[in-house]
Amino acid sequence: MTSYAMTRVASGIRMLLAAFALAAFAFFLIGPLLNLVLWSVAERWYTPYKLPVTFGTRYWEQVFRPTGDAMASLATSVWIAVLTVIVALALSIPAGYALARLKLPVRSLFMILFLLPQAFPSVAIYINVARVFYQIGINGTVFAVVLVHAAHGLVYSVWIAAAAFAAVDKDLELAARNIGASPLKTFTSVTLPLAAPGIVASGIFVFLESLDEFTGTFFVGVPQVTTLPLLLYNAAQGGNYQVASITALILLVPSVLFMLFIERFLRADVLAKVGS
Amino acid sequence: MSLSQRQLALLLIAPGFALVAALFLYPLCFSLVSAFTGPEGGFSLQAFAKAWELYSGDVVFTVVIVVASCLLTALLAIVIAGTLTLGENRYIVGTLRALYRWPLFIPFIVAAQCMRTFLAKNGLMNNSFVAMGLMEPLQAVSFLDWRGIIATFVWKQMPFVALLLAGALAALDRATLEAGRNLGASRLRVLVELALPQVMPQLLVALVLSFVTMLSVLSVPMMVAGSQPTMLTVDMAFRINAYGDYATANALGVITYLISAGAAIIYLKRGMAKEGTP
Amino acid sequence: MRILTLACSLAALIVASPLSAQTLNVASAGDQNMVDYVKDYLAPMFEKSHPGVKVVSVGTGPGDAGSQKIYEKLDAQKSAGAADFDVVVIHQKGAGLMVKEGLLAKYTGNVETSKLVSSATATNSLGADVGGFVIPMFQSQTALAYNADMLKAPPATYTELKDWAKKNPKQFGYNGIKGGMSGVSFVAGWVYAFGGDANKLIQGPYDAAEKTKWDAAFAELKDFNKSVVITPGNAGTLDMLNRGEIAIGPVWVDMFYSWQADGKLPPNMKLKLTAPGMPGQPMYYAVPEKSAQKKLAEEFIALATSPQVQADGIVKKFNWYPGIDAKHLEGKLDKAAWDKLFTDITPAELSQNGKPFPIAPYFNDILEGYEKKVAN
């Protein structure tokens, strides 16, 4: 009985500690975001005040003013991000499968190759890309921006897709083949569904990467294509905190929606897997 | 058979390869040429000599920042993903699951901006501590230096790594982990000795991706910390904007490349060798 | 099959993009307020007088980096048919470079208002001859911003500042040279003060031996840096002033006023133009050589540099010093709005201590000297 009580007390203390750790974690995680929200409604905020001196929606009105193009830019941003995900996945599903399952010469070289666009600070690259695009006349189109974003995000989709395919149990594929499924049928009905969560996850990152991209969009898209980060970039660099915070909060909306939707998808799949 | 499989593999990877080759490798060649060309034309290592002379300190600074950020990110991500998978308290797991992914959505430039008003000497963090009575106002220090950069990187990348890791852990065979628990192993031991080794490849993938991403971010070091010392991206931008000196900027780019190639090779060696090539 | 659908939808996208011919694209290197100035103030006015024309305003980021992006974009388009931008708003360094590379059109002869500008900066941009290619949009100036509550008598000269900073460690902040032009300007002012002959650096001609005279100045600056805060960027300096973490630091006057208007600086912040002087520079309106809408562009710039717009938009709305000569604004502006420009810095101080930047080769020597001898 006493030992039971002791365990209760010990687990109570552990609970308390865990709750405290969680609270601290939440503070560091949410604090900076809270800061964003505060700035978005701060009309005046300076020393020695710890909180905004006057609150108001002046800057929200400014961002959503008739001549402002925040919403149109947001729509363009999301549209580009969705197309980028489609292009990236169309390229990376076969590539990921090849990397994970097939005998590929100089395999590691290919892996590193996809990493490269992510690693090189890219102004110098985009100037030259713009040069080429001007020559073939596609600069300033959504298509051009999508291509650039896809090349940049491809590392996420290829690497993660390769890992996802590699994680699929080969015995299941063999079993499907043994009951007479064709290789293509095996791929579409066994391998792909099992790798789907990973592939969806890779899509999320391509999406976010595209939503976040500034330099490439500037060189191959501007002025015909304007995305939200282009607005954000100026405001944030120039220290216009209110406008930058509001733009950032707007950028959060599609990401959160997208994420909620994905979350549902991922969960169902994971549950299905637990049963099998 | 083996030959045709090779051909199939090359065929499948070709479209992706073509995109990267056209939009990255081809333009990269111009950068490489520029980095290895002297002021009077012809092959030269002068740009590298200059890059090293002026920015050797920043090279070290960059490597230290990025490695430290990766280690901290990995540690936090393991704790989070481990709690999510093995945690027994529904409320804690639920809260954590709802919380940890938020920074993932934030573009780097916004993260940088959040952090520079959050971590400052009289920023929201210190002000909150003072208001809660945890700290005297005079003890407040500014974190807007290397610590700020690391904090921002970890804040932004931790959800990414945790997400991948949690996904990998969730896909593990529960029975093995349960068996470990039933044999009396603590959750920490189950995590470290049973679960983690199995998801090492995914962890490494996530970390290598974070590593190269951090290396190429300009806005965070530019906006969070003063410029002495600073990261290589800032130096590159400065070289171009102030002097129009593409040669040295590209040389710095090549150095950045070598650093990330190092990380990529570690990943390829350890991760893939363990998984076994098919 | 999927690839095919994808290809089709992509093909449809390429076709869907072109815009109507009557679009005037204006690219501004500068802060958001400059982009908004074009978008909200100039564009509606211009669209009203030119029915059927749509003005598109894009920003390319603050500081020389913004001008550099415009340069790179125009340069990438060299061999293409027409340029993406019809009007560009650029810094001095960018202007010199773009004129040298033949990317800008000689247009000021077609614009009447160019006769209203007599300042040297209209033809001389850091030693480069830009006459005919540019008209100043506004003139800006760096100065020290200080919190009058924390600091009653601000240092009046660089020498006083040096001593003051030593006595008040970590109370002065500037952003080095990589974080934006206000720090660069402070360093240039330092060299003017302690490195010998400022006029020689401003007027040229260039003499490579000159930089050897700055070693002592740089050594002192390195020592000075030990007792100051290096802030993250132009905005970073203002930011620390906002939170009261530093008491004084160099800022752009136009940024200072817009931050104050946005409620991000305490009301008791003031400006001080330290002797022997700190640099300022104009922003220029220019027209790319390959613009397809040169005539429209010229009409746009004529509107933007007209006395009424300069009075209402530049001076009254933003507290920028006008780009055209001040005498042409007489009668267009009430006295209060004009005087507000000179609340902290009098016209006499401005003309005495407001200096141009050094000519480009000296400018680069100063930056590189700083990198080698101060930062490293």
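Student: Where does Leu126(C) lie?
Tutor: Leu126(C) lies in the loop between strand S4 (124-125) and strand S5 (128-129) of chain C. Please keep in mind throughout that this is a predicted model.

Student: And what is phi of Leu126(C) near?
Tutor: Phi of Leu126(C) is near 50°, which is a positive value in a residue other than glycine.

Student: Which residue has a positive phi of about 60°?
Tutor: That is Asn319(C), which is not a glycine either, and its place is in the loop between helix H12 (307-317) and strand S12 (321-322) of chain C. Asn319(C) has 19 other C-beta atoms within 10 Å and is partly exposed.

Student: OK, on to peptide bonds. Is the one from Gly204(C) to Pro205(C) cis or trans?
Tutor: The bond from Gly204(C) to Pro205(C) is cis, with omega near 0°, and Pro205(C) is found in the loop between helix H7 (198-203) and helix H8 (215-225) of chain C. A cis peptide bond also joins Ala275(C) and Pro276(C), with omega about 0°; here Pro276(C) sits in the loop between strand S10 (269-272) and strand S11 (278-286) of chain C.

Student: Let's zoom out. How many helices and strands does chain C have?
Tutor: Chain C comes to 15 helices and 13 strands. Its radius of gyration is 22 Å, close to the 21 Å that the globule rule gives for 376 residues, so chain C is as compact as a globular protein of that length.

Student: What box do its C-alpha atoms fill, and what share of chain C is buried?
Tutor: Along the principal axes, the C-alpha atoms of chain C fill a box of roughly 70 × 55 × 45 Å, and buried residues make up 57% of the 376 residues in the chain. If you take the contacts in chain C with a separation of 6 or more, 77% of them are accounted for by residues 24 or more positions apart.

Student: How many helices and strands are in chain A, then?
Tutor: Chain A has eleven helices and two strands, and from the N terminus on its elements run α-β-β-α-α-α-α-α-α-α-α-α-α. The radius of gyration of chain A is 24 Å, well over the 19 Å that the globule rule gives for 276 residues, so chain A is more spread out than a compact globule.

Student: What about the box and the buried share for chain A?
Tutor: The C-alpha atoms of chain A fill a box of roughly 85 × 75 × 30 Å, again taken along the principal axes, while 54% of its 276 residues count as buried.

Student: At what angle do helix H7 and H8(A) of chain A pack?
Tutor: Helix H7 (residues 170-178) of chain A and H8(A) pack at an angle of about 165°, with their axes 10 Å apart. Angles over 145 degrees count as roughly antiparallel, and H7(A) and H8(A) are therefore roughly antiparallel to each other.

Student: Which residues make that contact?
Tutor: From H7(A) they are Leu172(A), Glu173(A), Ala176(A) and Arg177(A), and from H8(A) they are Thr186(A), Val190(A), Thr191(A) and Leu194(A). By class, this contact has four nonpolar, two polar and two charged residues.

Student: Now the chains together: how many residues does the contact take from chain A and from chain B?
Tutor: The contact takes 75 residues from chain A and 72 residues from chain B. On the side of chain A that touches chain B, the largest share, twelve residues, comes from H6(A), and by class that side has 61 nonpolar, nine polar and five charged residues.

Student: And how many residues does the contact between chain C and chain A take?
Tutor: That contact takes 42 residues from chain C and 36 residues from chain A. The largest share of the chain C side, six residues, comes from H1(C), and by class the chain C side has 19 nonpolar, eleven polar and twelve charged residues.

Note on methods. Residues are numbered from 1 along each chain as its sequence is written. Chains are lettered from A and ligands numbered from 1 in the order in which they are written. This is a predicted model: local features need pLDDT of at least 70, side-chain atom pairs count only at pLDDT 80 or more; totals for chains, interfaces and linings use all residues. Helices (H or I, at least four residues) and strands (E, at least two) are DSSP runs, numbered from the N terminus. The radius of gyration is taken over C-alpha atoms; the globule rule is 2.2 Å times the number of residues to the power 0.38. A residue is buried if 20 or more other C-beta atoms lie within 10 Å of its own, exposed if 12 or fewer, and partly exposed in between; C-beta atoms are placed from the backbone. Two residues are in contact if their C-beta atoms, placed from the backbone, lie within 7 Å. Ala, Val, Leu, Ile, Met, Phe, Trp, Tyr, Cys and Pro count as nonpolar, Asp, Glu, Lys and Arg as charged, and the others, Gly among them, as polar. Axes are lines fitted to C-alpha atoms, for helices over the stretch in contact, and angles run from 0 to 180 degrees between N-to-C directions. Angles under 35 degrees count as roughly parallel, over 145 as roughly antiparallel, 65 to 115 as roughly perpendicular and the rest as oblique.
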